[in-house]
Amino acid sequence: MSNQPNVIFLIADDHRASAIGAYGDPIVRTPTLDRLCAEGASFRQNCHMGGLSGAVCVPTRACIHTGAHVFRASVGNDMNDPAVIRTLDPDHTVLAEHFRRNGYITFATGKWHNDAASFARSFGDAENVFFGGMDSHFKVKVQDYDPGGTYDSNRQRIGEEFSTDLFGDAAIRFLDRQDGSRPFFLYCAFTAPHDPRTPPDDWADVYRSEAMPLPANFASVHPFDNGEMWVRDEELADFPRTAEDTRRHIAEYYGMISDMDEKIGEILSALARNGLAENTIVVYTADHGLSVGQHGLLGKQNLYDHSVRVPLLLRGPGVPSGKRVDALSHTYDVYPTLCELAGLEIPASVDAKSLLPLMEGSAEETRPYLHSVYKNVQRMTQDQEWKLINYSSDGDQGCDRRQLFHIASDPWELNDLSEDENAASERKRLEEELARWQDVVEDPLRTERD
């Protein structure tokens with residue numbers, strides 16, 4: 001039997017942090033994720049870094065896979081060249097690739113929205129892999145392991161199950177083949193709860209639209225042009241937003257989440273059934289969140305809390321049980337964290353910080369700030385109490401303005417204090433911090449303005 005811990009890395013698409021029962025949502029049913037919170041560590045102030053792409057999942061996943069910040073993870077930052085943004089910088093060692101080099105069996109199923117070459121380096125086996133951003137959950141174009149490593153689109157077939165079952169059942173079949181003689185790294189990437197939000201029959205009518213409460217920050221329209229008002233995600237509902245339509249979107253969103261939660265429960269049951277649970281680190285996270293009616297928005301192309309804050313749960317050997325971590329973290333911090341838990345060296349190219357000190361209660365390793373970006377029109381920085389979002393015009397889009405929120409007392413981000421003289425010192429402090437960070441990471445927007 002192997003002494004090294006196994007890893008199951010579960011990642012969702014569009015799952016905002018607040019849509020979990022244990023994170024405080026009284027409506028959504030997530031008993032499996034709630035159990036992971038109770039049995040492991042949950043990071044409650046975890047945010048993604050965004051990126052220069054309307055398909056936010058591409059850069060956020062690039063950060064997770066490489067452990068590099070958003071402007072270093074891919075081979076380039078030209079937002080007019082999707083192939084460049086999608087391609088992971090080969091100078092980085094991909095997370096699964098690192099485990100593979102250190103003797104792990106590596107297996108993947110589900111969505112891979114980055115380049116095929118990095119996938120081929122990372123995984124020695126695969127089943128039901130979707131190379132793309134979104135598709136019908138009932139007709140996902142998938143392919144299995146390609147020994148040649150090209151993963152050409154002509155190998156695709158249409159999956160015969162709902163997406164969550166298609167990927168989750170492949171993960172279960174992999175677990176049923178493991179005998180514990182070698183450690184494994186299992187990567188399972190769901191396309192839920194991304195639209196088209198079409199929960200399967202057993203969850204389709206569980207959440208009734210008329211019973212869904214509207215969020216406190218529901219609005220019929222966003223108060224100004226944020227630079228991305230007409231992206232595809234925002235056109236999934238009519239303008240202005242209505243309470244009735246928003247409630248329907250929320251109900252469908254929750255149905256997708258609960259169905260995924262149920263499948264994750266089946267994966268964890270298979271892990272236990274095969275005697276592998278005690279020596280396996282389980283990670284659950286998401287690439288980004290989603291508005292679903294908050295601030296008059298539907299998509300993730302913004303830097304409000306509902307879109308940048310995502311769940312991050314860990315359970316397994318070396319992880320404290322029932323640990324709630326309120327310190328600031330970025331999702332890509334999971335890369336060095338898994339390396340330390342598995343006793344592997346952290347590659348020199350990794351920018352992220354291990355979360356182990358936070359789980360152990362150390363205040364010395366706490367991040368003082370978080371940062372996130374969206375294209376060339378939005379930049380954000382926040383600490384535990386305050387949050388600043390800067391908006392910049394980009395051609396005919398967007399406007400030059402800012403928002404300042406005291407998130408400690410205004411978690412719904414309703415009261416903009418950017419013009420309040422009593423908050424002027426906080427605004428100045430965060431603006432200076434954002435400019436400092438942009439210089440350090442060589443933000444193209446900062447360079448252009450200079």
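This is a predicted model: local features need pLDDT of at least 70, side-chain atom pairs count only at pLDDT 80 or more; totals for chains, interfaces and linings use all residues.

Colleague: In what order do the strands of the open sheet run?

Modeller: The open sheet has 5 strands, ordered β3-β12-β13-β14-β15, and its pairing is mixed. Because β3 (50-51) and β15 (401-406) each have a single partner strand, they stand at the edges, and one side of each is left without a neighbour in the sheet.

Colleague: And in what sense do β13 and β14 pair?

Modeller: Strand β13 (residues 378-382) pairs with strand β14 (residues 386-391) in the antiparallel sense, over 5 bridges. M380 has I389 in β14 as its bridge partner.

Colleague: Which strands does helix α12 lie across?

Modeller: Helix α12 (residues 424-441) lies across β12 (370-374), β13, β14 and β15, and runs at about 65° to β14.

Colleague: Turning to α1 and α8, at what angle do their axes cross?

Modeller: The axes of helix α1 (residues 31-39) and α8 cross at roughly 55° and come within 7 Å. The two helices are therefore oblique to each other.

Colleague: Which residues meet there?

Modeller: From α1, P31, T32, L33, R35 and L36 meet D261, I264, G265 and L268 of α8. By class, the contact has 5 nonpolar, 2 polar and 2 charged residues.

Colleague: Now the largest pocket: how much space lies in it?

Modeller: The largest pocket holds about 670 Å³ of space. It is lined by 29 residues, of which S18, D305, R309, P411 and W412 are the closest to its centre. The elements giving two or more residues to the lining are α8 (243-273) and α9 (305-308).

Colleague: How does that lining divide by class?

Modeller: The lining of the largest pocket has 13 nonpolar, 9 polar and 7 charged residues.

Conventions:
Residues are numbered from 1 along each chain as its sequence is written. Side-chain values use heavy atoms; hydrogens and water are left out. Two strands pair if DSSP finds at least two bridges between them. Helices (H or I, at least four residues) and strands (E, at least two) are DSSP runs, numbered from the N terminus. Contact means heavy atoms within 4.5 Å. Axes are lines fitted to C-alpha atoms, for helices over the stretch in contact, and angles run from 0 to 180 degrees between N-to-C directions. On a 1 Å grid over the protein atoms alone, a cavity is a set of points where a 1.4 Å probe fits but cannot get out, and a pocket is an open set with protein on both sides within 12 Å along at least five of seven lines; lining residues have an atom within 4 Å of a point. Grid points are joined across faces, edges and corners, and a volume is the space filled by probe spheres set on the points. Ala, Val, Leu, Ile, Met, Phe, Trp, Tyr, Cys and Pro count as nonpolar, Asp, Glu, Lys and Arg as charged, and the others, Gly among them, as polar. Angles under 35 degrees count as roughly parallel, over 145 as roughly antiparallel, 65 to 115 as roughly perpendicular and the rest as oblique.
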